Structures are given as structure tokens and as C-alpha cells.
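Student: I would like to go through this model with you. Please show it, and I will ask as we go.

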Amino acid sequence: GEEDAKALGDVAHVVFTGVEDPQEFFAVDIWHESDNIEALYTNPDFQAAFGTLFDAPPTIGVYASTDWHQW
């Protein structure tokens, strides 16, 4: 999915796993613009590929960057 994501404007995919439970998974995708986020995550091929990795559908949220307290 990396090529498709990048083509749609995803510029970074940062993955974290749980320290105590490595089965816990958290990923942050950084997008140049938010226009194509939904196109990627609702793509049936994308959903099928990642659906096999999880016990249940993942929770997906879209957040905007802010300059509040960053370093």
C-alpha cells in the first residue's frame, strides 16, 4: 500500500507497537493535504490487506496539525 498511499499524498507512516504488549499497534500517517485520506482508507483493496492483521476493524481518526506546544 505504500505506493498507493504516497501517490495520494501520504508523506509519512510512523508505526508504534506496545512496550508491554507488542500486539498493540498504533500508526500515524502524515498527509500533505487531507483531500485523499478517505480515498485510501475506504479502498476495498487497502481494507482487505490490512483487515487480516487485526482482530477487529481499527479505529481511524483524522486530526489537523497545530503549532500548539510542539518541539
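Student: How many salt bridges does a search of the whole structure find?
Tutor: This is a predicted model, where local features need pLDDT of at least 70, side-chain atom pairs count only at pLDDT 80 or more, and totals for chains, interfaces and linings use all residues. Residues are numbered from 1 along each chain as its sequence is written, and side-chain values use heavy atoms, with hydrogens and water left out. A salt bridge needs a side-chain nitrogen of Lys or Arg within 4 Å of a carboxyl oxygen of Asp or Glu. Searching the whole structure on that basis gives one.

Student: Which side chains meet in that salt bridge?
Tutor: Side chains of opposite charge can pair when their charged atoms come close. Here the N to O distance is 2.8 Å, between Lys6 and Glu2.

Student: Why can Lys6 and Glu2 pair, and how far apart are they along helix H1?
Tutor: Helices are DSSP runs (H or I, at least four residues; strands are E, at least two), numbered from the N terminus. H1 covers residues 2-8, and Lys6 and Glu2 lie four residues apart in it, so the separation is about one helical turn.

Student: Are Lys6 and Glu2 buried or exposed?
Tutor: Buried means under 20% relative accessible area, exposed over 50%, and partly exposed in between (1.4 Å probe, protein chains only). Lys6 has 51%. Glu2 has 54%. Lys6 is therefore exposed, and Glu2 is likewise exposed.

Student: Which residues make up the largest nonpolar core?
Tutor: Such a core is a set of buried Ala, Val, Leu, Ile, Met, Phe, Trp, Tyr and Cys residues joined through side-chain atoms within 4.5 Å. Helix H2 (residues 37-41) gives the largest share, three residues. The five members are Ala5, Trp31, Ile37, Leu40 and Tyr41.

Student: What does Trp31 touch, leaving out residues up to four places away in sequence?
Tutor: Contact means heavy atoms within 4.5 Å. The residues touched by Trp31 are Ala5, Leu8, Gly9, Asp10, Val11, Asn36, Ile37, Leu40 and Tyr41.

Student: Which element gives the largest share of the lining of the largest pocket?
Tutor: The volume of this pocket is about 1200 Å³. A pocket is an open set of points on a 1 Å grid over the protein atoms alone, where a 1.4 Å probe fits, with protein on both sides within 12 Å along at least five of seven lines; lining residues have an atom within 4 Å of a point. Among the 34 lining residues, Ala27, Val28, Asp29, Tyr41 and Ile60 are closest to the centre. The largest share, seven residues, comes from S2.

Notes
Grid points are joined across faces, edges and corners, and a volume is the space filled by probe spheres set on the points.
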